[in-house]
Every structure is written in C-alpha cells, then in structure tokens.
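Trainee: I am new to this structure. Please show me how to read its side-chain contacts.

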Amino acid sequence: QVQVVESGGGLVQPGGSLILSCAASGSIFRINEMGWYRQAPGKQRELVAGITSGRITYADSVKGRFTISRDNAKNTVFLQMGSLKPEDTATYYCKVDSQSTNAAPVIGYWGKGTLVIVSS
C-alpha cells in the first residue's frame with residue numbers, strides 16, 4: 001500500500017503564487033509517474049501537470065504559469081503555481097503511479113486533495 005499526502009493549499013489573491021507538495025510513502029519500489037489533477041465544483045477532474053523520468057506534461061490552461069518538479073530521493077512532487085486566476089480555484093489532487101516490486105503491476109494511488117481558492 002502507498003500513502004499519498006498533499007499539502008500547501010490555501011487562499012490566495014489573483015495574480016499570486018502558491019506551492020503545493022505531495023509526498024508518497026509505503027511499499028514503493030519504483031515510481032513511474034507523479035501528477036497533479038484538479039477538480040472544481042461541478043466539473044470533472046482534469047490533469048494539471050504530470051512528470052515522469054523523461055517527460056513533463058501540462059494542461060494548456062496552466063502552461064507558462066505552473067511548474068511541476070520532482071524529488072526522486074524523497075518520493076515528492078511539487079507544483080509551483082504562479083499568476084493564479086479565479087478559475088484555478090479547485091481541489092488539487094496528487095496521483096502517484098508506482099510498483100511495489102520490479103515485477104509488480106503499476107498501480108495509481110490518489111491523495112485526498114488540498115483546496116486552492118483564488119479570490120480577492
């Protein structure tokens with residue numbers, strides 16, 4: 001089993017910045033991909049940014065404003081959010097795709113989410 005815990009959410013004014021952190025722990029042999037998703041009220045959950053060993057992906061709506069990074073030694077992923085807009089308001093979820101052994105299947109684990117509110 002893998003535990004995924006997000007932190008760093010809160011209330012921020014439009015144009016402001018915020019950094020989210022996500023730490024994975026437990027039965028981890030290898031982490032394949034770590035990603036941030038968000039879900040606004042009444043909307044579907046959407047990918048914000050994802051990172052593997054060789055690729056970084058961003059949603060078009062956050063390109064140039066958000067940066068995802070990863071600390072492999074600490075099984076941690078960060079999301080630096082800048083130039084925040086009211087439409088960025090959502091619960092942000094971290095997803096970790098990992099294997100418990102070299103031969104085990106890749107399983108995705110979700111955190112419980114952290115709320116980001118962009119408002120004046």
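Mentor: Start with a rule: a charge sits over a ring if NZ of Lys or CZ of Arg is within 6 Å of the ring centre and within 35 degrees of the ring normal. Keep in mind that this is a predicted model.

Trainee: How far from the ring centre of Trp110 is the charged end of Arg45?

Mentor: The charged end of Arg45 lies 4.6 Å from the centre of the Trp110 ring, over that ring. Arg45 also lies over the face of Tyr93, 3.7 Å from the ring centre.

Trainee: And ring against ring?

Mentor: Such a pair is described by the distance of the centres and the angle of the planes. One aromatic pair turns up in a search of the whole structure.

Trainee: How many salt bridges are there?

Mentor: A salt bridge needs a side-chain nitrogen of Lys or Arg within 4 Å of a carboxyl oxygen of Asp or Glu. The count here is six. One of them joins Arg38 and Asp88, at 2.9 Å from N to O. Arg38 is in strand 4 and Asp88 in the loop between strand 8 and strand 9, so the pair ties together parts 50 residues apart in sequence.

Trainee: Is Asp88 buried or exposed?

Mentor: Asp88 is buried, at 0% relative accessibility. Arg38 is buried too, at 6%.

Key
Residues are numbered from 1 along each chain as its sequence is written. This is a predicted model: local features need pLDDT of at least 70, side-chain atom pairs count only at pLDDT 80 or more; totals for chains, interfaces and linings use all residues. Side-chain values use heavy atoms; hydrogens and water are left out. Rings of Phe, Tyr and Trp (its six-membered ring) pair if their centres lie within 6.5 Å; planes under 30 degrees apart count as stacked, over 60 as edge-to-face and the rest as tilted. Helices (H or I, at least four residues) and strands (E, at least two) are DSSP runs, numbered from the N terminus. Buried means under 20% relative accessible area, exposed over 50%, partly exposed in between (1.4 Å probe, protein chains only).
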